[in-house]
Amino acid sequence: QVLLVESGGGSVQAGGSLRLACAYSTYTRTRMRPYMAWFRRAPGKEREGVASLYSGGGSALYADSVKGRFTISHDNAKDRLYLQMDALKPEDTAMYYCAATNRGVGYPLSRDEYTSWGQGTQVTVSS
């Protein structure tokens, strides 16, 4: 199981930036690095994958809607996952969730792949 706590949400005008952070800890005997992602859910919509990466190294994957604007990164020394969000748009308004799993992942932006979730942090972008 991976324990997750998000922070960094807030309100910003269109074109602005925010950085979300997710503190995580793992409680497995092998201390295998988790596969991690950011998801979001806008009012009236399904939860969608935004960005993902393997905290043990490798390339990140992004949803088309955020490519070139959002950057996912991690700091293993601090057990932190980040989402830098630039050039924010009103359609980015949503509750953002950090997700993780210690299992292998076939579809990194699919919510079904992840077994642990944070409580969410709200991001609101005004026009």
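Two strands are said to pair if DSSP finds at least two bridges between them; strands (E, at least two residues) and helices (H or I, at least four) are DSSP runs, numbered from the N terminus. The model is predicted, so local features need pLDDT of at least 70 and side-chain atom pairs count only at pLDDT 80 or more, while totals for chains, interfaces and linings use all residues. Residues are numbered from 1 along each chain as its sequence is written, and side-chain values use heavy atoms, with hydrogens and water left out.

**Strand β5 and its partners**

- β5 pairs with β4 in the antiparallel sense, over six bridges, and Phe39 stands opposite Gly49 in β5.
- The hairpin of β4 and β5 has six residues between its strands, and Gly44 in the turn has a positive phi of about 80°.
- β5 also pairs in the antiparallel sense with β6 (residues 61-62), here over two bridges; the bridge partner of Ala51 is Tyr62 in β6.
- In the hairpin of β5 and β6, six residues lie between the strands, and Gly57 takes a positive phi near 120°.
- Five of the seven residues of β5 are buried, so this strand is largely enclosed by the rest of the structure. Buried means under 20% relative accessible area, exposed over 50%, and partly exposed in between (1.4 Å probe, protein chains only).

**Nonpolar cores**

- A nonpolar core is a set of buried Ala, Val, Leu, Ile, Met, Phe, Trp, Tyr and Cys residues joined through side-chain atoms within 4.5 Å.
- The largest such core has 28 residues, and those with the most contacts inside it are Trp38, Leu81, Leu83, Met85 and Tyr96.
- Strands that each supply at least two residues of this core include β1 (2-7), β3 (18-26), β8 (80-85) and β9 (94-101).
- A second, separate core has five residues, among them Tyr35, Ala37, Phe39 and Ala99.
- Leaving aside neighbours within four places in sequence, Leu81 is in contact (heavy atoms within 4.5 Å) with residues including Leu20, Cys22, Trp38, Ile72 and Cys98.

**The disulfide**

- A search of the whole structure finds one disulfide, defined as a pair of cysteine sulfur atoms within 2.5 Å.
- Cys22 and Cys98 form this disulfide, with their sulfur atoms 2.2 Å apart; the link of Cys22 and Cys98 is left-handed, with -80° about the S-S bond.
- Because Cys22 lies in strand β3 and Cys98 in strand β9, the pair ties together parts that are 76 residues apart in sequence.
- Cys22 is buried, at a relative accessible area of 0%, and Cys98 counts as buried at 0% relative accessibility.

**Salt bridges**

- The whole structure holds six salt bridges, each a side-chain nitrogen of Lys or Arg within 4 Å of a carboxyl oxygen of Asp or Glu.
- Asp79 and Arg33 meet through their side chains in a salt bridge (3.5 Å, N to O). Asp79 lies in the loop between β7 and β8 and Arg33 in the loop between β3 and β4, so the pair ties together parts that are 46 residues apart in sequence.
- Asp79 is buried, with a relative accessible area of 17%, whereas Arg33 is partly exposed at 23% relative accessibility.
- In the salt bridge of Arg40 with Glu48, the closest N and O atoms are 2.7 Å apart; Arg40 is buried at 5%, while Glu48 is partly exposed at 35%.
- Salt bridges that share partners join Arg40, Glu48, Arg69 and Asp92 into one network.
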